[in-house]
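Thanks for coming. I will go through one structure today, starting with a loop and then moving on to the helices. Please have the sequence and the picture open.

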Amino acid sequence: MWQRIRNGLETRIGLEDLIRTKLKRYSVPRNTNIFYTLGGVALAAFIIQAVTGFFLLIYYVPHSDHAFRSVQQIMTSVPYGWLFRLMHVVGGNLIVAVVFLHMLSVFFMGSYKKPRELTWVAGWLMLLVVLTFSLSGYLLPWSQLSYWTTTVVTAMPTTFPYVGDYIANVLRGGEFVSGVTLNRFFALHVALLPPILVLLMVVHIFLIRRIGLSSPPFGEQAEKAEPWNEYRHVSYPDGYSFYPYFVLKELYMVLIYLVIMFFIITFVPTLFLPEGANIPADPLKTPAYIKPQWYFLAPYQMLKLIPNKFLGISIQLFLVGMFILWPFFDTKPERNILKRPLLLATFMASLLLWVVLTIWGRSS
Ligand code: HEM
């Protein structure tokens, strides 16, 4: 049966030739480390989010009167509903961790440099879309946690003069978070963001495939920094084929991703569902304290420390903009960060600051 399908495809589209020329002949450097698989893991994580999200959509009701109850029903009455919901909630956190790690490793290995600047920019845009997925998804269960976190977040633009109130009102569909906001965030989460992310992924992967993977800048086999004055495809005659070797490496890491996910679901299922997530939204009762997700704790704590909110948000927007365009500022051909002490020190100090602010934000 399988052989007949294969033969049928072979006659019509030349399957063997396709696999040989596009996958097997696509070479990957021999010295790739596990960090090179993180992009593939992020892709798999997105597919898991899309599939589990689809199943949740069958029972979820996007209305402020029913949303909370429908989510509770998914957890208690729908067969395997709890599994799909927990996979989606835990996966929503893990995907951010994987994309962060992918970005950090790409930065550390200097893979954002010429000719890969656009790959980096597309990656950053994907990171922003992933974070917007998370913000919009957080409101959907219509719990106290959802409601009040969204209230805090959507109030942020109001610190900007002239346009701030307008932006906040467009986001919320009024002066307060309400059923209208829920519908807006739902539309964003299920209809607008998925095609944008898919499109960016296509661009990202096209660029990687067209240019060829970079090789790690460390060790004896480090790629010589040859000047890049015109287009060429980077290939590695002494490397190994993308398929099946690199694909198998990536699948192995995807399995580890799944192990972490199911470990959390089995042993700490409430890790990402604190108490406020189980209480229906009440616009008249502000909870004692409200905390954003772990990956927003650092910017949140930074905003608390800077008394002028306008200044705080402006600094953060400036930093994000600078990071997106970083490859266009850092044009030195040297990719090995270990040979650039100032950049290495700044990188490590920023990472440490991020960790300290996150822990501080969690405990304060
Ligand atoms: C949903 C998010 C993302 C997905 C699915 C994704 C996917 C991938 C894949 C499959 C690769 C090739 C293998 C690898 O190096 O891991 C890759 C490479 C790359 N990614 Fe991403 N990525 C994402 C986010 C990002 C982000 C946030 C950045 C940086 C801001 C980024 C920058 C890059 C760069 C520069 C490369 C080329 C690395 C090289 O040639 O060595 N990506 N990405």
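Predicted model: local features only at pLDDT ≥ 70, side-chain atom pairs only at ≥ 80, totals over all residues.

Is Tyr80 buried or exposed? Its relative accessibility is 55%, and exposed means over 50%, so Tyr80 counts as exposed. The backbone here has a feature to look at as well: phi of Tyr80 is near 60°, which is a positive value in a residue other than glycine.

Tyr162 is in the loop between α7 and α8. Its phi is also positive, about 65°, although Tyr162 is not a glycine. With a relative accessibility of 85%, Tyr162 counts as exposed.

While we are on the backbone, look at two prolines. The peptide bond from Lys114 to Pro115 is cis, with omega near 10°. Pro115 belongs to the loop between α5 and α6. The bond that joins Tyr243 to Pro244 is cis too, and omega is near 10° there. Pro244, however, is found in helix α10.

How do α5 and α6 run relative to each other? Their axes come within 10 Å and cross at roughly 160°. That makes α5 roughly antiparallel to α6, because angles over 145 degrees are counted that way. The crossing is left-handed. On the α5 side, the residues that meet α6 are Ile95, Val96, Val99, Phe100, Met103, Val106 and Phe107. On the α6 side they are Trp120, Trp124, Leu127, Val130 and Leu131. Sorted by type, the residues of this contact come to 12 nonpolar, no polar and no charged. If you wonder about the spacing of such lists, an α-helix has 3.6 residues a turn, so residues three or four places apart point the same way.

What does Ser136 touch? Leaving out residues up to four places away in sequence, Ser136 touches Phe185, Leu188, His189 and Leu193.

Next is another helix pair, α3 and α9. Helix α3 covers residues 38-59 and helix α9 covers residues 179-211. Their axes come within 12 Å and cross at roughly 155°. That angle makes α3 roughly antiparallel to α9. This crossing is left-handed. From α3, the contact is made by Leu43, Phe46 and Leu57. From α9, the partners are Phe186, Val190, Leu197, Val198, Met201 and Ile205. What kinds of residue make up this contact? They divide into nine nonpolar, no polar and no charged.

Further along α9 we reach Arg210, which is in that helix. Arg210 has a relative accessibility of 45% and therefore counts as partly exposed. In sequence, Arg210 and Val234 are 24 residues apart, while their C-alpha atoms are 8.6 Å apart in space. Setting aside neighbours within four places in sequence, Arg210 is in contact with Tyr231 and His233.

Helix α7, residues 144-155, has 12 residues. From its first C-alpha to its last, α7 reaches 17 Å, close to the 16 Å expected at 1.5 Å a residue. The buried residues in α7 are Gln144, Leu145, Ser146, Tyr147, Trp148, Thr149, Thr150 and Thr154. What do the buried residues of α7 pack against? They pack against α6, α8 and α9.

Helix α10 takes in residues 242-267, which is 26 residues. At 1.5 Å a residue α10 should span 38 Å, and its end C-alpha atoms are 36 Å apart, which agrees. Buried in α10 are Phe242, Phe246, Glu250, Met253, Val254, Tyr257, Met261, Ile264 and Ile265. Note that this list includes a glutamate, Glu250. The buried residues of α10 pack against the helices α2, α3 and α5, and against the strands β1 and β2.

To recap the two helix pairs: α5 is roughly antiparallel to α6, and α3 is roughly antiparallel to α9. That is all from me.

Note on methods:
Residues numbered from 1 in each chain as written. Heavy atoms only, no water. Axes fitted to C-alpha atoms, helices over the stretch in contact; angles between N-to-C directions. Helix = DSSP H or I, 4+ residues; strand = E, 2+ residues; numbered from the N terminus. Parallel < 35°, antiparallel > 145°, perpendicular 65-115°, else oblique. Left-handed = near helix turned anticlockwise from the far one by under 90°. Contact = heavy atoms within 4.5 Å. Nonpolar A, V, L, I, M, F, W, Y, C, P; charged D, E, K, R; others polar. Expected span 1.5 Å × (residues − 1). Buried < 20%, exposed > 50% of the residue type's maximum accessible area, 1.4 Å probe, protein only.
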